[in-house]
Amino acid sequence: MDAGGGGGLIINNKQKAMLPNKRGEFIRNQRKDSEGFSESPDLEFEYADTDKWAAELSELYSYTEGPEFLLNRKCFAEDFRTHVTDKKWTELDAAQHRAHAMRLLDGLEVTTREKRLKVARAILYMAQGTFEECGSEAEVQHWMRYNIFLLLEVGTFSALVELLNMEIDNSAACSSAVRKPAISLADSTDLRVLLNIMYLMVEAIQQDDPADTVEWRAARETFKTELGSPLYNNEPISVMLFGMVTKFCSGHAPHFPMKKVLLLLWKTILFTLGGFEQLQNIKVQKREELGLPPLPEDSIRVIRSMRAASPPASASDLIEQQQKRARREHKALIKQDNLDAFNEKDPYKTDDPREDEDDNDDNDNSLEPETFPLERDEVMPPPIPHPPSERVSFPKGLPWAPKVREKDIENFLESSRSKFIGYTLGSDTDTVVGLPRPIHESIKTLKQHKYVSIAEIQIAREEEFQKTPLSGGEEEVEMSSTELLYQGILPSLPQYMIALLKILLAAAPTSKAKTDSINILADVLPEEMPTTVLQSMKLGVDVNRHKEIIVKAISAILLLLLKHFKLNHIYQFEYMAQHLVFANCIPLILKFFNQNIMSYITAKNSISVLDFPYCVVHELPELTAESLVRRRDRDSTLNGPWYVFQLEPSCQIKRVQFCPFSWQPLDIYCSNSGYVSCSWLQWQCPTSSLTAVLPCRASQMLVVFKSAPILKRALKVKQAMMQLYVLKLLKVQTKYLGRQWRKSNMKTMSAIYQKVRHRLNDDWAYGNDLDARPWDFQAEECALRANIERFNSRRYDKSQGNPDFLPVDNCLQSVLGQRVELPEDFQMNYDLWLEREVFSKPISWEELLQ
């Protein structure tokens, strides 16, 4: 990444760290920022739907499951050699492959659990690519896709879903796990094998390879449709997985391997609904169908083209820098003009170290533009010649086109008419008689940037349906995968959100062990706790990696659901967002960011030689405690101390610090942590802004939880997308933070102006609303909740409809021709009913016929 701009020399962080000073020494600190304080280098991280395929495969397995790879191979070999003795799997033709796959599928129907588990392990070995006969990771991936499409063709996935339902309803296993004092990998063996196969099938089939055959492409589309349709127990498979999550959190099934469940749920939603690129295409298509103008820009491309800004300096950095500057004043090694340059470059810089940026926010050195890469260095390097006029480079234009709503134009015209004419014309935005010429120009500018969102059209249509239930006609609802999923999770959506946030809280890095918290380590802890230092170190890495993957999966699930529901119908999004807010998701996210976020993001909790498929193809080196320590120092696999894990008599996991290490500058960054941070900010932005339907209430929530200093610290992470969403969250609450906060944080305000989209009539930069309280917006929140309930009742709850509005059948023949199901007790006593109600009562046929 470029660290400089303007007319200066463009260098990166490593080159900058090696610039010689005047004494011929090298500056070794790689964390210098534009103010001369400690800075982390730019994060080489690309935010996308998924990581590389090999990384996604490796995250399915914990390091504790390593010995099971050989067990799967053994189960496959025992069954395979009974039918084929002289050839390998890779040497058979397609017909023989299919025949053996059918035999294995028949073996899943046996009643004996042990035999069924062996067959499932053999199928899992096929899904893992029959790695014993492969010589490279690429070859393993090739055979994985071939075997998985073969398994899909013979109908393996439907059989796996049925077996998974059996294991979910296995009350004996659930009661046994509840009574156990400590749960380990052995308690979830059957579930893990089934979930592993299903995950590998979904992950491999969704990969779109240009070399795929026509048959594979057709099978992919069919499988995608089946996953999103209610074909499994009359509900999409995602709803079944959501049910597993709630059952786990309720304590009735503590042995469920929750990491695998969440990963499969994430991949299923991603495959059936689509990722960010598909979302953008659906949005463009919907705008065309509604007759709306095209989008002003492609948001994905704009975000990817952004550059990160320099992070803020902490109070300790300010004190340290002042002390260094004081020491330099007593030396004659630096010329006076260089000392003067330090004082002249930032006229807004304060030298008072007593002001704390976290509490008072009086010292805002955040987000200095990257056009000053070497300002205030510890020792000034040789000056780079460039014209003085090129020292500051102003941006050619803002990255986002400004937007204006129709309501904003109406409000502007209403206030202008009241001021200049003395009367208003309601929603009329065309009449400008009597208004001054500058107002005409303002209205013209506002109309040029008017933006009508899909949500506004959906809200207007819903209001029309509510006003005219009879004449409005029937709503044509497209039964897309998103609509089917919303219908499936609607009855229990609040419970699903609470369950996901419970797991998120238990997996958050800032969480402390509590006796009443759920145990999310059931599918990573071995039957016997480690007894050696090496085993403890491996388990320590594995536990941190396990939590990291869980947080990543939940973040992706929530973000995908929010984005797709918002596009499908705004009230679906609002319903989910409200329940996330009610479940305290905003303080949970702030708790996540209220830590050393840079340390968390740069931590790399993995041991690469143990990752699948590397570990089954290559010969593993001998791992020792010393080699892990050396690898940690080289690759920064852990950021912080090692821990030894002990099992206390209370069956709680206790961490005992083993060997502390100092922080080392990093060149490799954990993609999981970066993905998590960006995702959390993304789904905090929609839940906090509520798509302009209810912005004030959610903004007040951010102010109440004192999020401003926490979010400012998150700006230290030099990743453009993360900084963009942090600045968005700061923008929505600046009005409530007061003039003094904005005055003390002018550089943050400038960064908001440069990076965040503008609403032309928005008073975020100068408005003051210090007296606003959260309860001031209860009326708007209640109105929104009522609209959501009416929407859900009208569209999905047909039984609760008004009987006066239901159609009536007036045709005598159709009414008499309807088949009525009579209760069983009535059929048994039919003769008595005839005697009492028909034969014993006189009938006047003349009156009846008249």
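**Close-up views of a predicted model**

**View 1. Ile-498 sits in helix 21 (residues 493–507).** Helices here are DSSP runs of H or I, at least four residues, numbered from the N terminus. This is a predicted model, where local features need pLDDT of at least 70 and side-chain atom pairs count only at pLDDT 80 or more, while totals for chains, interfaces and linings use all residues. Residues are numbered from 1 along each chain as its sequence is written, and side-chain values use heavy atoms, leaving out hydrogens and water. Ile-498 counts as partly exposed because its relative accessibility is 41% (buried is under 20% relative accessible area, exposed over 50%, partly exposed in between; 1.4 Å probe, protein chains only). Asn-584 is 86 residues away from Ile-498 in sequence, yet their C-alpha atoms are 9.1 Å apart.

**View 2. Lys-267 pairs up with Glu-56 in a salt bridge.** That term takes a side-chain nitrogen of Lys or Arg within 4 Å of a carboxyl oxygen of Asp or Glu. Here the closest N and O atoms are 3.1 Å apart. Lys-267 is in helix 12 (residues 258–273) and Glu-56 in helix 2 (residues 53–58), so the pair ties together parts 211 residues apart in sequence. Both Lys-267 and Glu-56 are buried.

**View 3. Arg-145 meets Asp-209 in a salt bridge (4.0 Å, N to O).** Arg-145 belongs to helix 6 (residues 137–153), and Asp-209 to the loop between helix 9 (189–205) and helix 10 (214–228). Arg-145 is buried at 9% relative accessibility, whereas Asp-209 is partly exposed at 32%. Both belong to a salt-bridge network that also includes Asp-208, Asp-212, Arg-217 and Arg-220.

Conventions. Helices (H or I, at least four residues) and strands (E, at least two) are DSSP runs, numbered from the N terminus.
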